[in-house]
Amino acid sequence: MTVNPDWYLALGVVLFSIGALGVLVRRNVLVMLMCVELMLNAANLTFVTFARMLHDIGGQVLVFFVLVVAAAEVVVGLGIVVAIFRRRSTATADDLHAMKG
Amino acid sequence: MAGLLGTLTAASTATHASWVDVGTFAVAAAIVLAGAVGVVVARNPVHSALMLVMTLFGIAVLFVLQRADFLAAVQVIVYAGAIVVLFLFVIMFLGVDREENIAAEPLRGQRPLAVALTALGATGLLLLGQVSAWTTGAPHVAGPDTGQSNVALLGKSVYTTYLFPFEATAALLVIAVVGAVVLARRPPAAAEPVRTDESATPEDRADAPGPAEGARP
């Protein structure tokens, strides 16, 4: 008898919520990207838990793809941060109001 | 979620091995949550990145606990070894590794509202897990029990059932690399410098000597 999967799902919910809270309250773009990583990891944990519960390796394959997409997202996101910083010398989301009405 | 208390009562009568599982889960969950809270509340972005490493290692331990050995290794190599290093590299490169005043609240009432909305969402998800039929399955080891290792199962699945998505991710990675190079490239010095809209007044635009026609490559 191992740990009940419900515990893993509850942990995933809490982790996702902390990540979402971080995206909402932090203003540093780099920290916001890290909080997105937290949310992706919560989803990964849920996928692996369901793969174990449902006898299906497909959940683990999906985690593999999520990892690849996360890597691509971080690369492009950090490239955008560097490009913005080069023009504005800021990494704070509040200062990026060029399209504000 | 109905079995949360059941786990405790079952564990009290179970064998020694299950206590190892429960204890490992508790320690790893504590590490994951402490790291996640640290990412959000750390004032220095470097500290946030290091807290993120802590969370990722905790998740890797939880993957091992659920018989996802290959994913645990990939998690450590790709996330802790590549993504977080990339974060730290950009933080150092831009020189934004100074303390940030997170006590200041630019939008009045935004922070309590964010906490309330997040708590509402978390409660909703936990209730959804309790009322739905998804969590009624008995715990099993991952994958069909064919005696194969986790790596063999995953590899066979990736190269047969999920072959097309696998190829698509390869294309995605190439596109991401090209996009990162294009974004990070400095504009050539001969080209007209790109103005920010705030620094350019109408007189500036009228008086600025534009590049001669045909001067651009």
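This is a predicted model: local features need pLDDT of at least 70, side-chain atom pairs count only at pLDDT 80 or more; totals for chains, interfaces and linings use all residues.

Reply: Residues are numbered from 1 along each chain as its sequence is written, and chains are lettered from A and ligands numbered from 1 in the order in which they are written. Here pLDDT is the predictor's confidence in each residue, on a scale from 0 to 100.

Chain A gives 67 residues to the contact and chain B gives 77, where two residues are in contact if their C-beta atoms, placed from the backbone, lie within 7 Å. On the side of chain A that touches chain B, the elements giving two or more residues are helix H1 (5-25), helix H2 (29-53) and helix H3 (58-88). H3(A) supplies the largest share of that side, 23 residues. Elements are DSSP runs numbered from the N terminus: helices are H or I runs of at least four residues, and strands are E runs of at least two. By class, this side of chain A has 48 nonpolar, 13 polar and 6 charged residues. Ala, Val, Leu, Ile, Met, Phe, Trp, Tyr, Cys and Pro count as nonpolar, Asp, Glu, Lys and Arg as charged, and the others, Gly among them, as polar.

Of its 217 residues, 20% are buried; a residue is buried if 20 or more other C-beta atoms lie within 10 Å of its own, exposed if 12 or fewer, and partly exposed in between, with C-beta atoms placed from the backbone. Among contacts in chain B between residues at least 6 apart in sequence, 54% join residues at least 24 apart.

The largest nonpolar core has 66 residues, and those with the most contacts inside it are A:Leu15, A:Leu30, A:Met34 and B:Val39. Such a core is a set of buried Ala, Val, Leu, Ile, Met, Phe, Trp, Tyr and Cys residues joined through C-beta atoms within 7 Å. At least two of its residues come from each of H1, H2 and H3 of chain A, and likewise from each of helix H2 (16-41), helix H3 (45-65), helix H4 (69-94) and helix H7 (163-184) of chain B. The largest share of this core, 14 residues, is contributed by H2(A).

Two helix pairs show how the chains meet. The axes of H2(A) and H4(B) come within 12 Å and cross at roughly 175 degrees; axes are lines fitted to C-alpha atoms, for helices over the stretch in contact, and angles run from 0 to 180 degrees between N-to-C directions. H2(A) and H4(B) are therefore roughly antiparallel, since angles over 145 degrees count as roughly antiparallel, under 35 as roughly parallel, 65 to 115 as roughly perpendicular and the rest as oblique. From H2(A), A:Leu30, A:Met34, A:Glu37 and A:Val48 meet B:Leu71, B:Ile83, B:Phe87, B:Val90 and B:Ile91 in H4(B). This contact has 8 nonpolar, no polar and 1 charged residues.

In the second pair, the axes of H3(A) and helix H6 (residues 150-159) of chain B come within 10 Å and cross at roughly 70 degrees. H3(A) is thus roughly perpendicular to H6(B). A:Gly58, A:Gln60, A:Val61 and A:Phe64 of H3(A) make the contact with B:Leu154, B:Ser157 and B:Val158 of H6(B). Its residues divide into 4 nonpolar, 3 polar and no charged.

Some single residues complete the picture. In helix H3 of chain B lies B:Val64, which counts as partly exposed because 15 C-beta neighbours lie inside 10 Å. Leaving aside neighbours within four places in sequence, B:Val64 is in contact with B:Asp69 and B:Ala72. B:Arg67 lies in the loop between H3 and H4 of chain B and has a positive phi, near 65 degrees. In the segment after H3 of chain A, A:Asp94 is exposed, with 10 other C-beta atoms within 10 Å.

As for confidence, the predictor gives the complex an ipTM of 0.90 and a pTM of 0.79. Chain A has a mean pLDDT of 86, with 91% of its residues at 70 or more. Chain B averages 77, and 68% of its residues score at least 70. Among the elements of chain B, H3(B) has the highest mean (93) and helix H8 (residues 202-207) the lowest (47). Over residues 203-217 of chain B, pLDDT stays under 50, and the model has 3 contacts beyond four places in sequence for them.
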